[in-house]
Amino acid sequence: MTKKMKIRVLTVFFLVAVFLSAKGQEDLFKDFAEAHKERAFCFYPSTLRMLNIGGNEEFDQMVKGVEKLLVYKLDSASRNGKAYKNMVKEFKSEGFEEYLSITGGNYEASLLASPGNKGKEYVGYFNQEDALLAFYLKGGLDWDELPKLINGIKEGDFINILDLNTSGFENHP
């Protein structure tokens, strides 16, 4: 094998290994969430902007780098059994770093990020009185826009995906 050929083979091997490891993180999340879901949503940049019915510029700026966002509303069994905490432990064992952990009252949240922002992947959950949501985000968020976004949100600016009535869709093939 020539030196050029070896370099090509190693490059292809490296790219496949990187792709498979990145896909593995999403699969790890999906394996957990699919087993415990009540509802599932998948968003891409265009669908995220569609939720912004108020035309909030800060929101559009913040989600500009998002490649994919998976949101799962988890069932009551996963909430009662605290299975979502095991998901967090699994991602930590994969090298994900905890960026945020909030506990207090009837609210709990956790946000983890891929090691050293390699691949820009985030995973976590929000647990509040009436819903437990797990999410996986691939891509970048403009975190500097978050304070502006929070200050600029007005009632009716966004579609609440948790209030969507999807029961009519469930009976169709």
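Modeller: One definition is needed at the outset: helices and strands are DSSP runs, numbered from the N terminus, with at least two residues in a strand. Please also bear in mind that this is a predicted model.

Biologist: Understood. Which strand gives the most to the nonpolar patch?

Modeller: That is β3, residues 97-104, with three residues in the patch.

Biologist: And which residues form this nonpolar patch on the surface?

Modeller: Tyr99, Leu100, Ile102, Tyr107 and Phe126 form the patch, and together they have about 410 Å² of accessible area.

Biologist: Where is the place of phenylalanine 126?

Modeller: Phenylalanine 126 belongs to strand β5, which spans residues 121-128. With a relative accessible area of 35%, phenylalanine 126 is partly exposed.

Biologist: Let me step back. How many helices and strands are there in the protein chain?

Modeller: The protein chain has seven helices and six strands. Along the sequence, their pattern reads α-β-α-α-β-α-α-β-β-β-β-α-α. The chain has 173 residues, of which 34% count as buried.

Biologist: Turning to helix α5, which of its residues are buried?

Modeller: In α5, residues 83-93, the buried residues are Ala83, Tyr84, Met87, Val88 and Phe91. Seen down the helix axis, these buried residues fall within an arc of 155°, so they line one face of α5.

Biologist: Which residue follows α5, and what is its phi?

Modeller: Glycine 95 follows α5, and its phi is positive, near 100°.

Biologist: Now charges. Which residues gather in the patch of negative charge?

Modeller: Asp27, Asp31, Glu90 and Glu94 gather there, on the surface. Of these, aspartate 31 lies in helix α1, which covers residues 3-36.

Biologist: Why does aspartate 31 count as exposed?

Modeller: Aspartate 31 counts as exposed because its relative accessibility is 58%, and exposed means over 50%.

Biologist: One last topic: where is alanine 77?

Modeller: Alanine 77 is in helix α4, residues 76-80. Its relative accessibility is 53%, so alanine 77 counts as exposed.

Biologist: What separation do you find between the C-alpha atoms of alanine 77 and lysine 37?

Modeller: The two C-alpha atoms are separated by 9.7 Å, while alanine 77 and lysine 37 are 40 residues apart along the chain.

How values were computed. Residues are numbered from 1 along each chain as its sequence is written. This is a predicted model: local features need pLDDT of at least 70, side-chain atom pairs count only at pLDDT 80 or more; totals for chains, interfaces and linings use all residues. Side-chain values use heavy atoms; hydrogens and water are left out. Patches are made of residues with over 30% relative accessible area and no salt bridge: like charges are joined within 9 Å, nonpolar side chains (Val, Leu, Ile, Met, Phe, Trp, Tyr) within 5 Å. Accessible areas come from the Shrake-Rupley method with a 1.4 Å probe; for residues, only the protein chains shown count as cover. A salt bridge is a side-chain nitrogen of Lys or Arg within 4 Å of a carboxyl oxygen of Asp or Glu. Lys and Arg count as positive and Asp and Glu as negative; His and the chain ends are not counted. The place of a charge is taken as NZ of Lys, CZ of Arg, CG of Asp or CD of Glu. Helices (H or I, at least four residues) and strands (E, at least two) are DSSP runs, numbered from the N terminus. Buried means under 20% relative accessible area, exposed over 50%, partly exposed in between (1.4 Å probe, protein chains only). The arc is that of the directions from the helix axis to the C-beta atoms.
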